[in-house]
Amino acid sequence: PDFYGQMVSIPLPESRFEAIAQSLREHRGIAVPLRANGRALLRVSYQAYNTQEDVDRLITAVNAGLQGG
C-alpha cells in the first residue's frame, strides 16, 4: 500500500460496549472506547512508543469484555 496509518476505529457489539469499556478501563488502564454517530467503537491509535505487550493487553481486555469477564 501507498499509505499507512496508526489509527483505526473498530465497531463493537452494542450489547457488550459497557463491559468492554469497563474491562479496558478498570482492569487494564486503557481508555479507548467511544461513541460516534450513534455507533459503539473502539478507537486504537498505535504509536512508536507502544510495544507488543501493549497490543497484547488491549486484545486480552477486549476479549474479556466480549466474553463477559
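Arg35 is partly exposed, at 43% relative accessibility. On this scale buried is under 20% relative accessible area, exposed is over 50% and partly exposed is in between, with a 1.4 Å probe and protein chains only. Keep in mind that this is a predicted model, in which local features need pLDDT of at least 70 and side-chain atom pairs count only at pLDDT 80 or more, while totals for chains, interfaces and linings use all residues. Residue numbers start from 1 along each chain as its sequence is written, and side-chain values use heavy atoms, with hydrogens and water left out.

**Salt bridges**

How many salt bridges does the structure hold? There are three, each a side-chain nitrogen of Lys or Arg within 4 Å of a carboxyl oxygen of Asp or Glu.

| Pair | N to O distance |
|---|---|
| Glu14 and Arg35 | 2.6 Å |
| Arg35 and Glu18 | 3.8 Å |
| Asp54 and Arg57 | 3.3 Å |

Take the bridge between the side chains of Glu14 and Arg35 to begin with. This pair ties together distant parts of the chain, 21 residues apart: Glu14 sits in the loop between strand E1 (7-11) and helix H1 (17-28), and Arg35 sits in strand E2. Helices (H or I, at least four residues) and strands (E, at least two) are DSSP runs numbered from the N terminus. Glu14 is partly exposed, with a relative accessible area of 48%.

Arg35 also meets Glu18 in a salt bridge. Again the partners come from distant parts of the chain, Arg35 from strand E2 and Glu18 from helix H1, 17 residues apart. With a relative accessible area of 51%, Glu18 is exposed.

Now for Asp54 and Arg57, which both belong to helix H2 (residues 52-66) and lie three residues apart, about one turn of the helix. Asp54 is partly exposed at 21% relative accessibility, and Arg57 is partly exposed at 31%. As for shared partners, salt bridges join Glu14, Glu18 and Arg35 into one network.

**The overall picture**

The protein has two helices and three strands, and from the N terminus on they run β-α-β-β-α. Of its 69 residues, 25% are buried. If you look at contacts (heavy atoms within 4.5 Å) between residues at least 6 apart in sequence, 66% of them join residues at least 24 apart.

**The largest pocket**

Which residues line the largest pocket? They are Ile30, Ala31, Val32, Arg43, Val44, Ser45, Tyr46, Asn50, Asp54, Val55, Arg57 and Leu58. E3 and H2 are the elements that give two or more residues to this lining, and H2 gives the most, with four residues. Asp54 and Arg57 turn up here again, both in the lining and as salt-bridge partners.

A pocket is an open set of points on a 1 Å grid over the protein atoms alone, where a 1.4 Å probe fits and protein lies on both sides within 12 Å along at least five of seven lines; lining residues have an atom within 4 Å of a point.

By class, the lining has seven nonpolar, two polar and three charged residues. Here Ala, Val, Leu, Ile, Met, Phe, Trp, Tyr, Cys and Pro count as nonpolar, Asp, Glu, Lys and Arg as charged, and the others, Gly among them, as polar.

Is Leu12 buried or exposed? At 13% relative accessibility, Leu12 is buried, and its place is the loop between E1 and H1. Leaving aside residues up to four places away in sequence, Leu12 touches Phe17, Ile20, Ala40, Leu41 and Leu42. Leu12 and Leu34 are 22 residues apart along the chain, with 9.7 Å between their C-alpha atoms.

Asn37 belongs to the loop between strand E2 (33-36) and strand E3 (39-45). Most residues other than glycine have a negative phi. Asn37, though not a glycine, has a positive phi of about 50°. Its relative accessibility is 81%, so Asn37 counts as exposed.

Lastly, Gln67 sits in the segment after H2 and is exposed, with a relative accessible area of 69%. Gln67 and Ala19 are 48 residues apart in sequence, and their C-alpha atoms are 8.9 Å apart in space.
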